[in-house]
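Here is a short briefing on chain contacts, domains and strand pairing. Keep the sequence and the structure in view while reading.

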Amino acid sequence: MRLELSVNGSIHVVEVEPRMSLLDCLRERLLLTGAHAGCEHGVCGACTVLLDGVPVRSCLMFAVQADGCAITTIEGIAPGPGELSLIQDAFCETHAMQCGYCTPAMILTAHALLAGNPAPTRAEIVEAISANICRCTGYAQIIEAVALAADRMRGLNQPAART
Amino acid sequence: MSNTAKAFRFISTDRRVREDRRFVVGKGRFAADVALPDTRHVALVACPHPAARILSIHTSEALAMPGVRYVLGGRELAAATQPLLAGLDTPKVMRRPLAVDVARYAGEWVAAVVADTRAIAEDAAERVQVDYAPLPFVLDGEAAFAPESPAVHADHGSNVLLDRTFTWGEVERDFAQSPHHLSLRVKWGRSSTVPVETFAVLASWDPWREILDVFASVQMPRFPDQVALALKLPGSSVRVHNDVDVGGSYGVKRGIKHAVLVGYLTRRLGFPVRLVEDRLENMRGGDGHGPERNFDVEVAFDERGVIRSMKLRALDNVGAYAGRSPFQLGKPIGAIVGPYRINSVEYRAIAVTSNKTVQEAVRAFGQSPTNYAIERAVEEVARHRGLDRLEVRRRNLISAEEFPYRIPSGTTYDSGDYHAVIDKVLARADYADLIAERDRLRGDGLLAGIGMAACLEPSGANSTFEPLLNPKNETTTYVESCRIHVDVSGAVTTTIHTLSSGQGHETLVASAIGEVLEIDPDRIRVVRPDSLASLPSQSPVGSRMAIMLGGAAFHAAQKLKERLIAIAAHDLKIPAEQAVYHGGDVFDRSRPQIGRSWAEVVTIAHRHFHRLPPATEPGLAFTHVLQVPTGGSLPTADGRVQMYPCFAFEFHLILLAIDPDLGKAEIKRYLVGHDCGTVINPKIVRGMTLGGIAHGIGASLYEEFAYNADGQLLAQSFMVYLLPSAHEIPPVEIVHHVTPSPHTVFGQKGSGESGYLGAPGAIASAVNDALAPLGLVVNSLPIKIAQLGDMIAAARSKATPGERI
Amino acid sequence: MKPAPFKYARPASLDAACAMLAQGDDARLIAGGQTLVPLMAMRLARPKRLIDIGRLAELAFVRREDDAVAIGATTKQCVLEHDPLVRSQVPLLAKAMPFVGHAPIRARGTFGGSLANADPAAEIALVAVTLGATIVYRDGSELIAVSAAEFFTGPMTTVLPPSACLTCARFPVWREARLGVGFHEINARRSDFAFASAAAQIALDEDGTCARLALGIGAITPVPRRLDALGEMLKGKRMEEKRLRAAIAAALADIDPLSDLHASADYRRRAAATLLFRAITDAYQTAQPHARHAS
């Protein structure tokens, strides 16, 4: 079947079998390998992408179901070559990862959370990332990264004299 | 060499981990991300029975499907390859990637289908017809140990792979002379580290160069040469790409059978072949399960709870085959008394086969279950004597003045101050307050308990458990290597000769070299050459890389620094002792305004041969292959040997509450004191400890590879095997202490297993403290909600009416 | 874990979807796919055709219909979490929604999908049975309404014929002024399938006695169970601990709880009692104009 997927702002036309998951389509057809397969049954969250701004498990969608939807993957987050978004930088500051496998999913989840909630409590951060399994970090440094990013985002556009 | 008083320039500073940059933008290069043209894909056909004779495999239907390239059976593969290496001397226990004639566990791979896509391969795998004749099977470890149990490997004659008893010291005398004894059995349930990335391997054979390229998500010593051995290739025909990022391993990503399988297929079929385990294949047939162990512990102690002697019988159910896994009974010998001053030990190590999935190396290689058993015994001693558990520990712990301390099994602990760490944790916790909080929770009707565990992290690694448990194996070499090169432009590049899985080795090595050369670590490029271009490495196991890679990098950098000084001194016409190295430049001590800059020395080295000291090689390339400190000897006749060189220490303190009606436990407070000597990178070490605690919480409360009576693994997916999410991990406060190691270049010890080593013991301790008012004790892990609920309900129903529990 | 091959269609209307279903040949509906796709990935479900109704706007609604709130089958679970009509008129459903899986699951999963999947531990099913909702489905051109209690016939089984499409469910709206709700479940981890759950909706009279009570237990028996007898026992009475516990024990005496890897039957029976007590207590306390501690 022929599909039009909008990914990171660009339209891609692909030809897929109906059974191809959105995850496999992104990885194999579009060579966007930042979304990862961890379980393929919707539990670990490593496959998370944003669908119209909302985190979803791309292993639980067939690519054909995403026809016409706006998808954001980790590859669409950095502002430019060699640059990091504020959230990506916060993840580096707190070392919110080790092996990096769950990291794109965590960052996308953080982006979606902070887009709707600029001052999340620790409990809200935990709730947001609870859908993503990390086996390396024990989560604390990830929670700290999201809180740090939230702090910094709130600090943007403040007049310098305020601080 | 240790640097206690010295302030470091870069070591121990709060630097970012450079690897993080590629991961946050999704540019990690995991094995499944590597693409080669014409790659075909593998799906496995698995045996549904726990034991069965394979009568025939019918492949014609599968082969007729469009896009299917090949179906490989066990016999063909066995004819073309060597069996996979076992650690023990058990030649009749043969392990191969695909079962040959007999399948020995439900989920064992029996055939491999190769097709144009993974989906087609799965379609075809369903069409492969295998005729089986089921055989008797055994699942339980103790049952497998009994002589009348069905032998998983008929030719081996029994299920016993290892049954060896060590006696270190005057055990019988110490028992006879001790006024008190007690014994208990504790059980460590089968769980594993279960990384989010499954094992993935892509192999491509170039028949003209005769090189097998392997891109694999692997963490394994001797991986390239074991692949070569199995495939009957010279070692120099296997090229393992070390620049593949591994999505978590914590020991289990050995993948040797996967790699041999695709290695054979690519040579046979003439195109690259890829196997990415799906989660079902991984859980059941990936051979990544962890220890499943019964400990029978007997201790002899006095009225003050001081333990004089211990007898420990450890029986481990390793599953249907064994590679290195029985050695997980051997490594803990190097810390068999934990952090305690126990005078004599008898240790019986038993490894048995059963018709379960195969066990692999799990984080700390058997030390965590052993620590759990030791801590349970210590707590039982305290209970027996009616003494405070903390006090009993204090009385038994080796004290700071006693280091270096030699334990009965022959290992010397390098350094430590266990009492200081405990004091720090108690102070941070405000221990009296913690007790008061526990009592408040009890007053609210909860079952509340304080848990603690004191334990060691043997680090640096050494495979002396190999000759210890298999006298035919005389391996005493355990090394790591580093190469440094300064190019003609003055840029520094260094190499790591293994894959890593998130431990921040690039950052580690750059920090170590930057420290020696007094230049910013960010200037140092770190690359990972493939295995053909690599120096010897034993891979990141046994909590060794800070010590070994750090050490190798240090020494290579020292060699470079000495050469820079020698070149500059010669050019300045001064003796080398008169030259001072500072920040990359070299000065004349007596005329400090006179010197040679980094750039000048580099130019001389590369381009001005006429200015080099005599008999000096041009260029600036140095290597160091570091043997493990304190290593290099074989065990004595009575089984004593120095195991690992360095010993980190941790003390966990937990406040936990159990809902008595539902049996659900919640950790209210978690503190851990951690002493891993000099910390090279605080962010990395913190991550290791927190991640290790999360693993420990999982193993204690959530994770189990449970089987039913028919030999079927019940936990085949993440719906049943429960990995802790952010909800299940409480905030953890880490308290640091530093007792440097005398054996390492910066005083560093390992930390890769921290947290996991003590969390299970501490959680068990907290649960038992919470249950103590009911007269209940739990001596097995994991501790499940419903099981706890049932225990509590039974105890309460025995109480007389009106009695408050 | 790739599914077996299938054909895919996305009909533009419910009529078209029903016509496709009527053709038979092993077709299944997909909406959110959060339960169907894992089954297909594990090849436990192998439909030859998938009919995607996920985007049918005509089935995505939350609206008042007489004295009920009607929720369309393809309404996303995340919509129900925040919908003001649900919050005010079906508070028990609003209370239960955060317990349904994780946010990314609720972002795609649908109301009707959960009902049709009929997991014994499903929160939406428990609320539907507890409140006596009516479930409507279309088979061919016929619309059939059944009570929630009749809809679920066993674990993962409902009365839905293979040719049917669930269209909506109607929850009766309680008119009483003082309404309170309680929902409790026990699971290994937050967001896992529960091994026992309890739901309570209570309406109080002026004098604080119980005017009306809807109670249900889930994950304990093969289908969610409404406890009418218990509701009757407590009607007209003040909430008092001993009476409540005794009534709960009596109501649970004849149930036959499931026993499995997660929990024994005994555990489920005890957990049912505990969770019911807590749910009823919560419902009672939140129904008070000023919350008082339970006596």
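In this predicted model, C:Asp139 stands opposite C:Ala164 in S10(C). C:Asp139 also stands opposite C:Glu142 in S7(C). The points below start from these strands, then move to the domains of chain C and to the chain interfaces.

**Strand pairing in chain C**

- Strand S6 of chain C covers residues 134-139, and strand S7 of chain C covers residues 142-147.
- S6(C) and S7(C) run antiparallel, joined by 6 bridges.
- The two strands form a hairpin, with 2 residues between them.
- In the turn, C:Gly140 has a positive phi of about 70 degrees.
- S6(C) also pairs with strand S10 of chain C, residues 164-172.
- That pairing is antiparallel too and runs over 6 bridges.
- In a regular strand, side chains alternate between the two faces of the sheet.

**Domains of chain C**

- The domain assignment of chain C gives domain 1 (7-52), domain 2 (57-172) and domain 3 (178-287).
- The centres of domain 1 and domain 2 of chain C, taken over C-alpha atoms, are separated by 19 Å.
- Between these two domains, 12 residues of domain 1 are in contact with 14 residues of domain 2.
- Helix H1 of chain C (residues 14-22) supplies the largest share of the domain 1 side, 5 residues.
- This domain 1 side divides into 7 nonpolar and 5 polar residues, with no charged ones.

**Chain C against chain A**

- Here 24 residues of chain C are in contact with 19 residues of chain A.
- On the chain C side, the elements giving two or more residues are strand S1 (7-9), helix H2 (36-41), strand S3 (49-52) and helix H6 (103-108).
- H6(C) gives the most to this side, with 5 residues.
- The chain C side divides into 14 nonpolar, 5 polar and 5 charged residues.

**Chain A against chain B**

- Here 41 residues of chain A are in contact with 43 residues of chain B.
- Four helices of chain A give two or more residues each to the side that touches chain B: H2 (86-94), H3 (103-116), H4 (122-129) and H5 (140-155).
- H2(A) provides the largest share of that side, 4 residues.
- By class, the chain A side has 22 nonpolar, 14 polar and 5 charged residues.

Note on methods. Residues are numbered from 1 along each chain as its sequence is written. Chains are lettered from A and ligands numbered from 1 in the order in which they are written. This is a predicted model: local features need pLDDT of at least 70, side-chain atom pairs count only at pLDDT 80 or more; totals for chains, interfaces and linings use all residues. Two residues are in contact if their C-beta atoms, placed from the backbone, lie within 7 Å. Ala, Val, Leu, Ile, Met, Phe, Trp, Tyr, Cys and Pro count as nonpolar, Asp, Glu, Lys and Arg as charged, and the others, Gly among them, as polar. Two strands pair if DSSP finds at least two bridges between them. Domain bounds come from an automatic or database domain assignment.
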